[in-house]
Amino acid sequence: DTAENGPAALDMIGSHGPYAVVLSDMRMPGMDGVEFLARVRDIEPETTRIMFTAYADLRTAMDAVNSGYVFRILAKPYAQDDFIRTIHAGVKQYQLVVSSRELLEQTLTGSIKVLSEILSIVDPSAFGRGLKLRESIRLLAEDASVDGRWELELAAMLSQLGHAGVPPETVAK
């Protein structure tokens, strides 16, 4: 997909994203490439961002890289092979970031599930409270369109795990 300017590209990313890779020229109508890629990062932080420019001064490159907005910078003119390799590297970077996040979520979710099953055996009432709390948080987060709902739901389930190590008579007191 292509866009005429930064604002149009941001609209496209918002409506058609996420994109694995976004390319930007440094000089564009409406905003410069560093500003554009910073806004892309805000909208889709996992998207790999690449800048190309004929005006590759050191300050621009440092701003783009140091602020974390750019994965690579291509200086014009560039060879087609370099361009293709850069796009492939950007896609691989995106896949790495996404798969790492998914692995973390699945590993964490699996661990919490095992701990919750232990809690359900040791203290069924605490387990039930955790389930009710998780459901309430899920509904609230969904209603409020909160990002990272899975983290909140896991925290709700974790909130009751302390009961597994406390003697029942202490909990009753």
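How many aromatic pairs does the count come to? It comes to two, with rings of Phe, Tyr and Trp (its six-membered ring) taken as a pair if their centres lie within 6.5 Å. Keep in mind that this is a predicted model, where local features need pLDDT of at least 70 and side-chain atom pairs count only at pLDDT 80 or more, while totals for chains, interfaces and linings use all residues. Residues are numbered from 1 along each chain as its sequence is written, and side-chain values use heavy atoms, with hydrogens and water left out.

**Confidence**
- The chain averages a pLDDT (the predictor's confidence in each residue, from 0 to 100) of 86, and 98% of the residues score at least 70.

**Aromatic rings**
- Tyr78 and Phe83 make a stacked pair, with 5.4 Å centre to centre and 15° between the planes; stacked means planes under 30 degrees apart, over 60 is edge-to-face and the rest are tilted.
- Tyr78 is partly exposed at 31% relative accessibility, and Phe83 is partly exposed too, at 24% (buried is under 20% relative accessible area, exposed over 50%, partly exposed in between, with a 1.4 Å probe and protein chains only).

**Helix α1**
- In α1 (residues 6-16), the buried residues are Gly6, Ala9, Leu10 and Ile13.
- These four sit on the same side of α1 because they cover an arc of only 100° around the axis, going by the directions from the helix axis to the C-beta atoms.
- Over on the other side of α1, you'll find Asp11, Ser15 and His16 exposed.
- The cover over the buried residues of α1 includes β1 (21-25) and α2 (33-43).
- Where α1 starts, Asn5 has a side-chain oxygen within 2.8 Å of the backbone nitrogen of Ala8.

**Thr48**
- Thr48 is in strand β2 (residues 48-53) and is buried, with a relative accessible area of 4%.
- Its side chain reaches the backbone oxygen of Gly90 at 2.9 Å, and a polar atom of the Thr48 side chain lies 3.3 Å from the backbone nitrogen of Tyr94.
- Leaving out residues up to four places away in sequence, Thr48 touches Ala20, Val21, Val22, Phe71, Gly90, Gln93 and Tyr94, where a contact means heavy atoms within 4.5 Å.

How values were computed: Helices (H or I, at least four residues) and strands (E, at least two) are DSSP runs, numbered from the N terminus. A polar contact is a pair of N or O atoms within 3.5 Å; within protein, one must be able to donate a hydrogen and the other to accept it, and residues adjacent in sequence count only if both atoms are side-chain atoms.
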